[in-house]
Amino acid sequence: MTELLRLDRVACVRGDRLLFEGLTLALNRGEALWLRGPNGAGKSSLIRVAAGLLRASAGTVERFGRVALIDEAAALDAELPLRRALDFWARVDTVDGHTVDRAMEAMALHPLAEVPVSMLSTGQRKRAAMVRVIASSAPIWLLDEPANGMDDAAQARLVAAVATHRANGGAVLLASHFALGIPDLAELDMGALA
Amino acid sequence: MLIALFWRDLRRAWGSGALWLPVLFFLLVATAFPFAVGPDAPLLQRAGGGMVWVAALLAALLPIDRLVRPDRDAGVLDQLAVRGVADEVIAAVKILAHAIGFGLPLLIALFPASALLAQDAGRVETLATGIAIAIPALASLAVLSASLTAGLKGGNAIGGLLVLPLAVPLLIFGAGMLDPSGRGAIKLLAAVSLLLTVIGPFAAGAALRGLRE
């Protein structure tokens, strides 16, 4: 079984507005799909539907493996040093400290390990959230605007992390309003669905 | 994983200093009451036990705002849901952490408060037993109302209004234990506390699910 995520004829209604309907997509191991489109096209809603946080109004969502999610909230305790905030999720995901070390290395966050999360900049917080995703060792990555506030160097590290993840047999569903420069990327224009 | 969740809740309760506010409030009420009714020891002793119960109930309502809302705003609840943790389990862990994080200091504060209200040793024992029985139910109600109001602006005041009617039986039977003729009150208090404690995780879990829609 190489399929990790399948959405079949999914519709999503927010308030009284139909965001999309009849949306079918599948993600296999090693694949990545870029959800593009203007603000309000339903990119974030589709990510939340895929994550199981939002019920699809119609259709079915199937996940074949664990899921790691980035959305606008970093979900890291603001009062803790970065490393301890990440360690909490490592315990929840039952991964060891080395996995967190490697993930921090990948996003170049080691120098900030002892800095409280509340002191981090927007871009640094996004990198920290990315560390949480990498360290979770979940095969399905759902990334909602992961590069917001990141500088060029951090974006390059994000692209590299996505490539490593795909090479290891993971799949990525990416919602972003701009192309990140990820090679071999399938596209789905949410703006064209509405 | 549940242990990690539990310690995180307890650390946040004790670490932020927010825990001492309800306990200070509790002691403050116990201090203010004798000033208000005068230093008449027999009167204080008769009315003081009920006052302790009212103060404990109100103190339990104070931290409602920080029980669920910060976790929702920070995305922690979403992250747990993505990992397949049942909302009922999250609620149960929060109730347990709140019962210990808030209940233990409250029990300790009960002793100076009882002294201020001229309660003798026998009545202090009854009060401590009653409040210890009621703490799981108070924690359960606090987490329930915190979950219900986490999505609302100014939810704290509404949270208090939600809990108060449900907590009235605790108050009646808890304070009733102090009445020499109220022998059955402790059993009724235990029954009410058990019922509220059991309902709490399921009701709060449903409320947490509702927060995501």
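The largest nonpolar core of this predicted model holds 131 residues. A core here is a set of buried Ala, Val, Leu, Ile, Met, Phe, Trp, Tyr and Cys residues joined through C-beta atoms within 7 Å; buried means 20 or more other C-beta atoms within 10 Å of the residue's own, with C-beta atoms placed from the backbone. Residues with the most contacts inside the core include A:Ala128, A:Val131, B:Phe26 and B:Ala142. Helix α7 (residues 121–149) of chain B gives the most to this core, with 14 residues. Helices (H or I, at least four residues) and strands (E, at least two) are DSSP runs, numbered from the N terminus.

B:Ala142 touches, among others, B:Ala60, B:Leu61, B:His98 and B:Val163, leaving aside residues up to four places away in sequence. Contact requires C-beta atoms, placed from the backbone, within 7 Å.

In chain A, three strands form an open antiparallel sheet in the order β2-β1-β4. Strands β2 (17–28) and β4 (58–63) of chain A are at the edges; each has a single partner strand, so one side of each lacks a neighbour in the sheet. Pairing requires at least two DSSP bridges between two strands. Strand β1 (residues 3–14) of chain A pairs with β2(A) over eight bridges, in the antiparallel sense. A:Cys12 has A:Phe20 of β2(A) as its bridge partner.

The contact between the chains takes 15 residues from chain A and 13 from chain B. Helix α5(B) supplies the largest share of the chain B side, five residues.

Local features need pLDDT of at least 70, and side-chain atom pairs count only at pLDDT 80 or more, whereas totals for chains, interfaces and linings use all residues. Residues are numbered from 1 along each chain as its sequence is written, and chains are lettered from A and ligands numbered from 1 in the order in which they are written.

Conventions. A residue is buried if 20 or more other C-beta atoms lie within 10 Å of its own, exposed if 12 or fewer, and partly exposed in between; C-beta atoms are placed from the backbone. Two residues are in contact if their C-beta atoms, placed from the backbone, lie within 7 Å.
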